Amino acid sequence: MERLNKGFYLFYLLVLFVVNVTFAVPEELHEIMKRHPEIKWSEIARKAMWEYASKLELMDRLTRESQLSEKDMLELDKKVKAGIAKKYRELEPQGEKQ
């Protein structure tokens, strides 16, 4: 009997730390969701949020000790984008330029 009580106690602790989140979705999306009740939409939302949160955590780890200012980052961003754009312009066939 003691074992059952421990199991119940552990289950109770797990439930204690789960948080519910409510958010709005566009009506069109809601209609699609209603047509597919077999889908666990909360699980899909949970996975998408974990994926996004994981990317944020990675970004935080990469930038935690960075010495770059926001101005530096914006300048670097412009240079990277300009370099990518230049590379793609060079790869574009001559007949397709506008």
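Visitor: Where is the place of Leu 29?

Guide: Leu 29 sits in helix H2. Keep in mind that this is a predicted model.

Visitor: Why does Leu 29 count as partly exposed?

Guide: Its relative accessibility is 35%. Buried means under 20%, and exposed means over 50%. The value for Leu 29 falls in between, so Leu 29 counts as partly exposed.

Visitor: What makes the nonpolar surface patch?

Guide: Leu 29 is one of its residues. A patch residue needs over 30% relative accessible area. Leu 29 has 35%, so it clears that cut-off.

Visitor: Which elements give two or more residues to the lining of the largest pocket?

Guide: Helix H2 (27-35) and helix H3 (41-63) do. H3 supplies the largest share, 7 residues.

Visitor: How much space lies in that largest pocket, and which residues lie nearest its centre?

Guide: The space is about 550 Å³. The lining has 16 residues, and nearest the centre are Phe 23, Ser 42, Ala 45, Arg 46 and Met 49.

Visitor: What is the lining of the largest pocket made of, by class?

Guide: There are 12 nonpolar, 3 polar and 1 charged residues. Arg counts as charged, and Arg 46 is among the residues nearest the centre.

Visitor: What makes the contact of Arg 46 and Glu 43 a salt bridge?

Guide: The N to O distance is 2.9 Å. The cut-off is within 4 Å, so the pair qualifies. Side chains of opposite charge can pair when their charged atoms come close.

Visitor: How far apart do Arg 46 and Glu 43 lie in helix H3?

Guide: They are 3 residues apart, about one turn of the helix. Arg 46 has a relative accessible area of 39% and is partly exposed. Glu 43 has 29% and is partly exposed too. Both values sit between the 20% and 50% limits.

Visitor: How do you know that Lys 34 and Glu 31 meet in a salt bridge?

Guide: Their side chains give 3.2 Å, N to O. That is within 4 Å, so it counts. In helix H2 the two are 3 residues apart, which means about one helical turn separates them. Lys 34, at 49% relative accessibility, is partly exposed. Exposed would need over 50%. Glu 31, at 30%, is partly exposed as well.

Visitor: Why does the contact of Glu 75 with Lys 79 count as a salt bridge?

Guide: The closest N and O atoms are 3.8 Å apart. The limit is 4 Å, so this pair still passes. The two residues are 4 apart in helix H4 (residues 70-91), about one helical turn.

Visitor: Are Glu 75 and Lys 79 exposed or partly exposed?

Guide: Glu 75 is at 43%, so it counts as partly exposed. Lys 79 is at 55%, over the 50% line, so it counts as exposed.

Visitor: How many salt bridges does a search of the whole structure find?

Guide: It finds 5.

Visitor: How many helices and strands are there, and in what pattern?

Guide: The protein has 4 helices and 0 strands. Along the sequence this reads α-α-α-α.

Note on methods
Residues numbered from 1 in each chain as written. Predicted model: local features only at pLDDT ≥ 70, side-chain atom pairs only at ≥ 80, totals over all residues. Heavy atoms only, no water. 1 Å grid on protein atoms, 1.4 Å probe; cavity = no way out; pocket = protein on both sides within 12 Å on 5 of 7 lines; lining within 4 Å. Points joined across faces, edges and corners; volume = space filled by probe spheres on them. Buried < 20%, exposed > 50% of the residue type's maximum accessible area, 1.4 Å probe, protein only. Patch = residues over 30% accessible without salt bridge, like charges linked within 9 Å, V, L, I, M, F, W, Y side chains within 5 Å. Areas by Shrake-Rupley, 256 points an atom, 1.4 Å probe, with all protein chains shown as cover.
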